[in-house]
Amino acid sequence: MNASPTKYTRLDLTVGTFVLAGLLALTFLAMRIGAGNSVSSASTTYRASFTNLGGLASGSSVMISGVVVGRVDKVDLDERFHAIATLRVRADLKLSADTTASIRSSGLIGEKFIALSPGGEDVLLKTDELITDTESAVDLESLISRFAFGGVKSPDSSDKK
Amino acid sequence: MSSPDTPPSAPLLEVRGLCKNFGDHTVLHDLNLVVPRGRLLTILGKSGTGKSVLLKCLAGVLVPDAGDVLFEGRPLSSEDAPGLAAFRRRCSYLFQGNALLDSLTAWDNVALPLEQATLLPKPEIRARVRDALRRLELEADADRYPSQMSGGMQKRLALARALVTRPEIVLFDEPTAGLDPIRRNAVFTMIAHSQREFGFTAVVVTHDLPEALAASDRVALLVDGTLCFKGAPAEFQDSASPAVAAFRDSASHLAGQIAAIRRGEPVPADLA
Amino acid sequence: MLSATGRSTLRIFGELGDFARFTARGYTSAIGSRRLGRRLARAIYEQGVRCLPVILIVGTFTGLVLGLQGYHTLKGFGSASLLGPLVANSLIRELAPVLAALMIVGQAGSALTAELGIQRNSEQIDALETMGIDPHGFLVAPRLLAALIVYPIMTAFFALIGLVGGWISGSVLLPLPGSVYWSSVYRAIGPEDVAQCIVKALVFGGLTIALCCYNGFTAHRRSTTTGARAVSASTTRAVVFSSISVLAADYLITSLLV
């Protein structure tokens, strides 16, 4: 006789499922996909000096062997007008003092990132220590002109510091 | 039934100097009307003379441009929100088109004013709704939607919804519009019967003359936005006023006019 | 000429003020409205569950097209590996909130304008008032609140299914490795992108459903038409104004947040 109670519970069930699935989707979007650039675990910072950043900016990724281990916190100039990038990297990685940093790009016009190559020394890199063994960004325009007029064979050797 | 702070002499509902315009068009002009307590008052008039507008002003849905509606001597225009809410709890309105909520079942439609505008406990609401549906013979249709009902059933359902709050005033807007003569009689019988049973004050707007005269205690005639007759049904039948006569005797004129048309005489100017 | 301009300016600002007051009243009347939960559930069902199929279909195809177009364009620069960031950025920052809003307006917004318009026409709204029930709290408040819940959820569904669409285009139909696609998606999207996406969804939801409610609720005020024509005119206005407001607000938010 009373307004059939089953009708409302069914509506409630559908709506409840919808909202729950929606919250899951939102959480997934925010936590998994949206967290790609942030370094969630404990981190430490190093600095690296370059002669040319070539489009690297704060927020760019820091990778080792293609795995994202951190990001660029900020970029600045030192007193000799060298570019200094501050890298925030996972703290659990034991990086040796002779680690090298190079600016790479994914694809020809792709985003810039810093690739770290750990060395073999026993001495470890300390927090905020300056990495001097670096490889700056490839200057695209001069590279293309050299390709076009036949001056160079491999882009990797073009800007070695 | 009257609250202790109002003089018992004040009529339940009173209209004083009421004017209502829509744009440049004056619908109601300087109306004065007293609705006596416990009686059935019928407002007669041709279609489009502002009867529904008057009724909506009485219900507080439309705000008059001048004048006021007084409920137990207190003007509605000076009531604050709780005062207006209190008035609405004691007043029900039966709309011409029933105005049932088509997304709700019959049961929920009747329960709606109790659930939303009162603080009654649930069992009490359930008992009252069941009672209202039973009185109007709609018990078997509680789970149906208004769209699944006939016109007469919808009218009864709207009446059930109007009466379930046990109002002191019920305003009926053309309760018989579009019904056949037998159902018209049934609706007026239903109104008169429930008015006797519940003891509410009724204001009925209609243009169905014989039924209205038979059922009501007082009659008012609205012509072109002014009331040109107020009185008992017997006075209405005896009145010599031309406006009353024109409205009252239109049926008897009909035979003569039809006969004239059949004879090939020109159609009277006021009909053409 | 001058006075006509002045009159229409006054009319537009008057209407804007009416709309703002209507929306504010819609939200405030939620306080103290009885059995709001039941009507809220119904509104979420109408705006959310019922619109889910169209959101998923449109989202998939948006991702598919983005993947297809993006792959061939990027391939020309030898940067096909950037497909993930392209699809993810376009979807999460712009397309998901905007297209989801437009789809919900088209399906649920137009329906609720028509429903309110008919309720206004058949005096159901007046009836609520005579029963002492605030029609704002009864009819408008649950829909406004539902929009704030439904729009972010639908936008998230749209974005996720769109990302899958982009993956189907790039990695199933075209030769980009799936791991490259997904890892670059994760890398390209930051918390600020997701925040922008959700802010947009909330603003669009608040704006469009309020516009739809307003146009339906005031269907009797269309001075040129009455009855069924007024309901259809109100529905058209609701959809047109909502669509315009979504795109205008999108531009505004993007320019403020980027």
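Start at B:Leu13, which stands opposite B:Val35 in S2(B). This is a predicted model: local features need pLDDT of at least 70, side-chain atom pairs count only at pLDDT 80 or more, and totals for chains, interfaces and linings use all residues. On bookkeeping, residues are numbered from 1 along each chain as its sequence is written, chains are lettered from A and ligands numbered from 1 in the order in which they are written, and side-chain values use heavy atoms, with hydrogens and water left out.

Back to chain B. Strand S1 (residues 13-22) and strand S2 (residues 25-35) pair antiparallel over seven bridges. Two strands pair if DSSP finds at least two bridges between them. Helices (H or I, at least four residues) and strands (E, at least two) are DSSP runs, numbered from the N terminus. The S1(B)-S2(B) hairpin has two residues between its strands, and B:Gly23 there takes a positive phi near 65°. B:Leu13 has another partner: B:Phe71 in S4(B). Five bridges join S1(B) to strand S4 (residues 66-71) of chain B, again antiparallel.

Next, a helix. How far apart are the end C-alpha atoms of H6(B)? They are 25 Å apart, and 18 residues (181-198) at 1.5 Å a residue should span 26 Å, so the two agree. The expected span is 1.5 Å times one less than the number of residues.

Which residues of H6(B) are buried? They are B:Val187, B:Phe188, B:Met190, B:Ile191, B:Ser194 and B:Gln195. Buried means under 20% relative accessible area, exposed over 50%, partly exposed in between (1.4 Å probe, protein chains only). After H6(B) comes B:Gly199, with a positive phi near 70°.

Now chain A. It has two helices and eight strands. Along the sequence, the pattern is α-β-β-β-β-β-β-β-β-α. An open sheet of eight strands runs in the order S7-S1-S4-S3-S2-S6-S5-S8 (chain A), with mixed pairing. The edges are S7 (130-131) and S8 (134-135) of chain A, each pairing on one side only. As a reminder, strands of a sheet pair through backbone hydrogen bonds, either parallel or antiparallel. S1 (residues 43-50) of chain A and S7(A) run parallel, joined by two bridges. There, A:Ala48 has A:Ile131 as its bridge partner. Of the 161 residues of chain A, 36% count as buried.

Last stop, chain C. Is C:Leu163 buried or exposed? At 0% relative accessibility, C:Leu163 counts as buried. It is found in helix H6 (residues 135-173) of chain C. C:Val87 is 76 residues away along the chain, yet the two C-alpha atoms are separated by 6.8 Å. Contact means heavy atoms within 4.5 Å. Leaving aside neighbours within four places in sequence, C:Leu163 has contacts including A:Ile33, C:Val87, C:Tyr181 and C:Trp182.

That's my tour.
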